[in-house]
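Me: I would like to learn how to read the packing in a protein model, one feature at a time. Could you take me through the general idea each time and then the case at hand?

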Amino acid sequence: MTSTTPNANSYTANAASPGSGVAASMAGNSPTFSPLYQQIKALITQSLQSGEWKPGELIPSEIELAARFKVSQGTVRKAIDELSAENLVVRRQGKGTFVATHHEARAQFRFLRLAPDEGVPHYPENKIIEVKRLRAPAEVARLLEIKSGDSVVFIRRVQSFSGVPTILDDLWLPGSIFKGLTAERLNEYKGPMYGLFETEFGTHMIRASEQIRAVCADAAVAELLQLPLGAPLLNVERVSYTYGDKPVELRRGLYLTQHHHYRNELS
């Protein structure tokens, strides 16, 4: 089960298009052609990636962007429509378009797919089991696209719903990006973990790819989740990406689905 967003680096310029400013801005890319609005979308994504507009900030209006890129307002609107559909920006009626942030309530459940069978979805309580720096094993390095043996931050946590341990998460993060991330800081922070990554480490998760399979709890997992040995669990392996399709998190989660289910929306 995989969810994807187009690679922000896959655009190229059409020098013959009416947006001559766009063609000049994108010179040097491979000579593959793409629709003009896709080129504008890619340029806006570049500005998001560079930090010109930070998470939560208002981006320029469609009229201002049209003047900047020397294209029609309709072309800009179509580009922003796609960025909004991909959750990179958020439109607010009467206020404008803002860079998406993990601090918004609507975004907190975008990457948390476990929902209760009854009642309203809510965010779980976190218990950090350990945080340590280690050398990346070969498989972790491959998935994070770093060198085997490079520094990574390993996090193990248990998430509980209404006091019931329900998720055991193991996370690996590139050490070069997450310098200074400690168990103390994670325990102090009360918002979603991705909000902390965004605010303090400048890393905004924009998409994830997942693989899901059924497993049985071994002795260590059974103890942490307070389950019988061999209890059925859902194993979700996720690689999360930031701008430029760069992998910045490997997460392996074990989910207890006795009173919850894994929810996904396909479109």
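**Reading burial, helix packing and cores**

Reply: Of the 267 residues of the protein chain, 48% count as buried, where buried means under 20% relative accessible area, exposed means over 50%, and partly exposed lies in between, with a 1.4 Å probe and protein chains only. The model is a predicted one, in which local features need pLDDT of at least 70 and side-chain atom pairs count only at pLDDT 80 or more, while totals for chains, interfaces and linings use all residues. Residues are numbered from 1 along each chain as its sequence is written, and side-chain values use heavy atoms, with hydrogens and water left out.

Me: How many helices and strands does the protein chain have?

Reply: The protein chain has nine helices and ten strands; these are DSSP runs, with helices (H or I) of at least four residues and strands (E) of at least two, numbered from the N terminus. A contact is defined by heavy atoms within 4.5 Å, and among contacts in the protein chain between residues at least 6 apart in sequence, 58% join residues at least 24 apart.

Me: How should I read the packing of two helices, for instance H3 and H4?

Reply: Two packed helices are described by the angle between their axes and the distance between the axes. Axes here are lines fitted to C-alpha atoms, for helices over the stretch in contact, and the angles run from 0 to 180 degrees between N-to-C directions. The axes of H3 (residues 62-69) and H4 (residues 73-85) come within 8 Å and cross at roughly 110°, and H3 and H4 are therefore roughly perpendicular to each other. On this scale, angles under 35 degrees count as roughly parallel, over 145 as roughly antiparallel, 65 to 115 as roughly perpendicular, and the rest as oblique. Glu62, Ile63, Leu65 and Ala66 of H3 meet Gln73, Val76, Arg77 and Ile80 of H4, a set that divides into five nonpolar, one polar and two charged residues. For these classes, Ala, Val, Leu, Ile, Met, Phe, Trp, Tyr, Cys and Pro count as nonpolar, Asp, Glu, Lys and Arg as charged, and the others, Gly among them, as polar.

Me: At what angle do H2 and H4 cross, and which residues make the contact?

Reply: The axes of H2 and H4 come within 8 Å and cross at roughly 60°, and that makes H2 oblique to H4. On the H2 side the contact is made by Leu36, Tyr37, Gln38, Ile40, Lys41, Ile44 and Thr45, and on the H4 side by Thr75, Val76, Lys78, Ala79, Ile80, Glu82 and Leu83. By class, these residues divide into eight nonpolar, three polar and three charged.

Me: How far apart are the axes of H2 and H3?

Reply: H2 and H3 have axes 12 Å apart and pack at an angle of about 105°. Ile40, Leu43, Ile44 and Ser47 of H2 are in contact with Leu65, Arg68 and Phe69 of H3, and this contact has five nonpolar, one polar and one charged residues.

Me: Which residues touch the most other members of the largest nonpolar core?

Reply: A nonpolar core is a set of buried Ala, Val, Leu, Ile, Met, Phe, Trp, Tyr and Cys residues joined through side-chain atoms within 4.5 Å. The largest one has 20 residues, of which Ile40, Ile44 and Leu65 touch the most other members. The elements that give two or more residues to this core are H2 (36-50), H3 and H4, and H2 gives the most, with five residues. Leaving aside neighbours within four places in sequence, Leu65 is in contact with Ile44, Trp53, Ile59, Pro60, Val76 and Ile80. A second, separate core of 16 residues includes Ile128, Leu173, Phe178 and Val248.

Me: Is Glu118 buried or exposed, and where is it found?

Reply: Glu118 is found in the loop between strand S3 (114-116) and strand S4 (125-135) and is exposed, with a relative accessible area of 70%. The C-alpha atoms of Glu118 and His260 are separated by 8.2 Å, although the two residues are 142 residues apart along the chain. His260 itself lies in strand S10 (residues 260-262) and is buried, with a relative accessible area of 10%. Not counting residues up to four places away in sequence, His260 touches Leu114, Ala115, Pro116, Asp117, Phe161 and Thr166.
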